[in-house]
Amino acid sequence: MKLVNRVCSLILAALAAPLPLGRHQHRVGVSIGVAAIGPECGEIDGIIARADSACYAAKAAGRGRVSDAALNAETGSNAAPASMRAAS
């Protein structure tokens with residue numbers, strides 16, 4: 001899970017930087033939903049549904065968040081852990 005946290009943190013940090021377009025700076029926001037993929041994870045439709053649900057949980061938690069479907073299922077929570085929030 002540490003690798004997933006690190007990759008998500010890098011994605012959030014990269015997208016937090018302003019993008020110069022013409023004479024203006026623009027910002028992009030992102031919400032990331034994470035779901036495990038493997039032989040024990042079921043059919044692809046279920047994996048996509050869990051990732052989609054995790055993405056909506058990340059959006060509900062606020063800008064620059066990541067939500068893990070497995071963590072949400074274990075805790076019954078939609079909040080992303082502090083380690084998976086974008087640095088301000």
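Here are some questions and answers for a first look at this structure.

Reader: What kind of model is this, and what is the mean pLDDT of the protein chain?

Author: This is a predicted model, in which local features need pLDDT of at least 70, side-chain atom pairs count only at pLDDT 80 or more, and totals for chains, interfaces and linings use all residues. Residues are numbered from 1 along each chain as its sequence is written, and side-chain values use heavy atoms, with hydrogens and water left out. Here pLDDT is the predictor's confidence in each residue, from 0 to 100. In the protein chain, 80% of residues reach 70 or more, and the mean pLDDT is 82.

Reader: Which element of the protein chain has the lowest mean pLDDT, and which the highest?

Author: Elements are DSSP runs numbered from the N terminus: helices are H or I with at least four residues, strands are E with at least two. The lowest mean pLDDT, 70, belongs to helix H3 (residues 69-75), and the highest, 94, to strand S2 (residues 24-26).

Reader: What pattern does the protein chain follow along the sequence?

Author: The protein chain holds three helices and four strands. Read along the sequence, they give the pattern α-β-β-β-α-β-α.

Reader: Which residues of H1 are buried?

Author: Buried means under 20% relative accessible area, exposed over 50% and partly exposed in between, with a 1.4 Å probe and protein chains only. Lys-2, Leu-3, Arg-6 and Ala-14 are exposed on the face of H1 turned away from its buried side. The buried residues of H1 are Asn-5, Cys-8 and Leu-12.

Reader: Why do the buried residues of H1 line one face, and what covers them?

Author: Seen down the axis of H1, the buried residues fall within an arc of 70 degrees, so they line one face of the helix. The arc is that of the directions from the helix axis to the C-beta atoms. Their cover includes strand S3 (31-34) and strand S4 (65-68).

Reader: Within what arc do the buried residues of H2 fall?

Author: Helix H2 (residues 44-61) carries the buried residues Ile-47, Ala-54, Cys-55, Ala-57 and Ala-58. These residues line one face of H2, because they fall within an arc of 160 degrees.

Reader: Is Gln-25 buried or exposed?

Author: Gln-25 is found in strand S2. Leaving aside neighbours within four places in sequence, Gln-25 is in contact with Pro-18, Leu-19 and Pro-20. Its relative accessibility is 54%, so Gln-25 counts as exposed.

Reader: How many disulfides does a search of the whole structure find?

Author: A disulfide is counted when a pair of cysteine sulfur atoms lies within 2.5 Å. Cys-41 is buried, with a relative accessible area of 13%, and Cys-55 is buried at 18% relative accessibility. For disulfides, the search of the whole structure finds zero.

Methods. The expected span of a helix is 1.5 Å times one less than its number of residues. Contact means heavy atoms within 4.5 Å.
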